[in-house]
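Please read it with the coordinates open.

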Amino acid sequence: MQHLDLQVIRQALQWSCSGQQVWLCTVLATYGSAPRAPGSLLAVNASGQWLGSLSGGCVEDDFLHRVALGEFAEPVTLVRYGDGSDPRSGIRLPCGGVLEVLVENLAAECDVQAHLRELQSALLGQRRLLREVRLPDGNRQLVPDTSQGPRVQREPTCVRLRVGAAQRLLLAGYSSVAHCCAEFGKGLGFEVILCEPRDEVLDGVHLDGIELRRELPSEFIANGGCHADTAVVALTHDPKIDDLAMLEAVRTEAFYIGVMGSKATSDKRRERLQRIGGLSGDQLARIHAPIGLNLGSKTPAEIALAVLADILRLRNGIGRAAL
């Protein structure tokens, strides 16, 4: 299934290439209960057609009505929904939250289309970009993004938006912990892929909304299964699965690589990966082992919680010392 943001940008590009004006809306911040995360996109054309979502239905009708009335003629507009502080946005969200939205008025011009094509390539996983939108003139630029952090960074005269592929959680092999990680990851909005070549291990396993691939995770990774927004986790205790996955994962741009095991097991694995796999010190340093935050976890669900919490910590650019 396509990343929704990718669908939005593709549609905006299609409208622009056909000569239509496009309003591209980005959720900048949410307060309280709000169904869409910062960075979520909505595109609207002058005919009132739209794709994407800002609130799951709470504010889209109001926004479309205001576009039809000729509002948002400026290059960029900041709109706040939910708390009554913006006189142009009289509605309140039924969920009781507050939503701040960046609205960009994009003319059907070549530079706009080039910009949208760059965003499309980033959302396909070909690169990670930091998109800078200046306020109030709407000037835009794209720079390579080589760090982790929040999807949206707000300054008085600039908004910075991280653009990349759908966050992917790649589970190397099936286990009870991997099962819990898959469910947690799906709930957190990750694209979850489970690679497991052992048919007997998957007997009776049922996971809704998870892509299941009956192949060695190392083969999937070697064939391009990872991009810079991928977290790779190995949770089987089987070196044939875990070690091979680590050997391939460290050669990719995956932002998180981790493998389950005690400290003693992890030390033995590092020695094995260095001796047999020829990994360098820098490559070994990329592997989180033991995996996850130290929460005193014992059960599969507790271990999975520690793993996902550590992935989120790193994805949001938070050092362990800050916890």
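By class, how many nonpolar, polar and charged residues does the lining of the largest pocket have? The model is a predicted one, and in it this lining has 17 nonpolar, twelve polar and eleven charged residues.

**Largest pocket**
- The largest pocket holds about 1200 Å³ of space, and among the 40 residues that line it, His3, Ala165, Ala166, Gln167 and Gly189 are the closest to its centre.
- At least two residues of the lining come from each of helix 1 (4–17), strand 1 (22–31), strand 9 (158–163) and strand 11 (191–195), and helix 1 gives the most, with four residues.

**Second largest pocket**
- For the second largest pocket the volume is about 310 Å³, and Thr146, Gln148, Ala228, Glu253 and Phe255 lie nearest its centre out of the 17 residues that line it.
- The lining of the second largest pocket divides by class into six nonpolar, six polar and five charged residues.

**Packing of helix 6 with helix 7**
- Helix 6 (residues 239–249) packs with helix 7 (residues 263–275) at an angle of about 60 degrees, the axes being 11 Å apart, and the two helices are therefore oblique to each other.
- The crossing in which helix 6 passes helix 7 is right-handed, and the contact is made by Pro239, Asp242, Asp243, Met246 and Leu247 of helix 6 together with Arg269, Arg272 and Leu273 of helix 7.
- By class, the residues of the contact of helix 6 with helix 7 comprise four nonpolar and four charged residues, with no polar ones.

Definitions and conventions
Residues are numbered from 1 along each chain as its sequence is written. This is a predicted model: local features need pLDDT of at least 70, side-chain atom pairs count only at pLDDT 80 or more; totals for chains, interfaces and linings use all residues. Side-chain values use heavy atoms; hydrogens and water are left out. Axes are lines fitted to C-alpha atoms, for helices over the stretch in contact, and angles run from 0 to 180 degrees between N-to-C directions. Angles under 35 degrees count as roughly parallel, over 145 as roughly antiparallel, 65 to 115 as roughly perpendicular and the rest as oblique. A crossing is left-handed if the near helix is turned anticlockwise from the far one by less than a right angle, and right-handed if clockwise. Contact means heavy atoms within 4.5 Å. Ala, Val, Leu, Ile, Met, Phe, Trp, Tyr, Cys and Pro count as nonpolar, Asp, Glu, Lys and Arg as charged, and the others, Gly among them, as polar. On a 1 Å grid over the protein atoms alone, a cavity is a set of points where a 1.4 Å probe fits but cannot get out, and a pocket is an open set with protein on both sides within 12 Å along at least five of seven lines; lining residues have an atom within 4 Å of a point. Grid points are joined across faces, edges and corners, and a volume is the space filled by probe spheres set on the points.
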